[in-house]
Amino acid sequence: MKFFGREPAALLALFAILVKLLAAFGLDVSTDVQAYINAVAAAAMGIAIAVVANDGLGAAIVGFAQAALALALGLGLDWSADQQAVVLTAVTIVVGMWDRTQVTAPVPAEAAKSASPVA
């Protein structure tokens, strides 16, 4: 799988290097913030891969939300652990509700009932 003719790992490495270059030449960010920015970029790439592969989009979205929250906290967002937990729980529930409408069982319920052993 390629994006813009390149492997996702190569694009992430390029992005990480660009962040370091910007920090070296004027962008005032610490190494921690650079790590948070790269984590969000990796999570965004996870979403892109999940969309292209048609697999695991819900998990990628929840991971992106976690990375974005970590970045926001690193940039100074002052939320308590309870507030963070509520927001991430809400994201997980919304994604789960959406996933539920997208998932189909590989075997119809009627076939599963008839195939199950009788006790």
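I61 is partly exposed, with a relative accessible area of 29%; here partly exposed lies between buried (under 20% relative accessible area) and exposed (over 50%), with a 1.4 Å probe and protein chains only. The model is a predicted one, in which local features need pLDDT of at least 70 and side-chain atom pairs count only at pLDDT 80 or more, whereas totals for chains, interfaces and linings use all residues. Residues are numbered from 1 along each chain as its sequence is written, and side-chain values use heavy atoms, with hydrogens and water left out.

I61 belongs to helix α3; helices are DSSP runs of H or I with at least four residues, strands are runs of E with at least two, and both are numbered from the N terminus. Not counting residues up to four places away in sequence, I61 touches I47 and V95, a contact being heavy atoms within 4.5 Å. I61 and T92 are separated by 31 residues in sequence, and their C-alpha atoms are 8.7 Å apart.

The chain as a whole has five helices and zero strands. Of its 119 residues, 17% are buried. Among contacts with a separation of 6 or more, 51% join residues 24 or more positions apart. The chain exposes about 8400 Å², of which carbon and sulfur atoms supply 67%; accessible areas come from the Shrake-Rupley method with a 1.4 Å probe, and for residues only the protein chains shown count as cover.

Helix α2 covers residues 31–53. Its 23 residues reach 32 Å from the first C-alpha to the last, close to the 33 Å expected at 1.5 Å a residue; the expected span is 1.5 Å times one less than the number of residues. The buried residues of α2 are V33, Q34, V40, A41, A43, M45 and A50, and what covers them includes α1 and α3 (57–74). Q34 has a relative accessible area of 11% and therefore counts as buried. Beyond its neighbours within four places in sequence, Q34 is in contact with V19, K20, A23 and V29. Just after α2, N54 takes a positive phi of about 55°.

Helix α1 comprises residues 8–24 and includes L14. L14 counts as partly exposed because its relative accessibility is 47%. Together with I17, L18, L21 and F25, L14 makes a nonpolar surface patch of about 530 Å².

Methods
Patch = residues over 30% accessible without salt bridge, like charges linked within 9 Å, V, L, I, M, F, W, Y side chains within 5 Å. Salt bridge = Lys/Arg side-chain N within 4 Å of Asp/Glu carboxyl O.
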